[in-house]
Amino acid sequence: MRLGSIMSWYKAPKHEVLSAAQAKKELKILNISLEELPLIKISDTALIDLSNSGVNIIPGDIIRISRNSNTGGEGFQYYRKVIQ
């Protein structure tokens, strides 16, 4: 069993790797620069699971995290920059 499979959690929010063009477009709409983004380590369990599913992730990639909330509704999105 892989490490990511052992630690995966069924309620983990959806993580997606954005293309460079898509990241630039979405961050521009939000008026956020790459330097302002919070960081996420490549060793994060959600990224390990994503990588194990065949998605190529490298430091510098931008991850969009989509989360639904019981109180706030659907469609909350967060962005993180992948680091080593």
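Which residue follows H2 with a positive phi? Asparagine 31 does, with phi near 60°.

This is a predicted model, in which local features need pLDDT of at least 70 and side-chain atom pairs count only at pLDDT 80 or more, while totals for chains, interfaces and linings use all residues. Residues are numbered from 1 along each chain as its sequence is written, and side-chain values use heavy atoms, leaving out hydrogens and water.

Let's look at helix H2, residues 20-30. Helices are DSSP runs of H or I with at least four residues, and strands are runs of E with at least two, numbered from the N terminus. Its buried residues are Ala23, Glu26 and Leu27. Seen down the axis of H2, they fall within an arc of 95°, so they line one face of the helix; the arc is that of the directions from the helix axis to the C-beta atoms. Turned away from that buried side are the exposed residues Ala21, Lys24, Lys25, Lys28 and Ile29. Buried means under 20% relative accessible area, exposed over 50%, and partly exposed in between (1.4 Å probe, protein chains only).

| Residue | Relative accessible area | Class |
|---|---|---|
| Isoleucine 29 | 65% | exposed |
| Glutamate 26 | 14% | buried |

The cover over the buried residues of H2 includes the strands E1 (14-18), E3 (62-69) and E4 (73-83). Leaving aside residues up to four places away in sequence, glutamate 26 touches Leu18, Arg64, Gln77 and Tyr79, where contact means heavy atoms within 4.5 Å.
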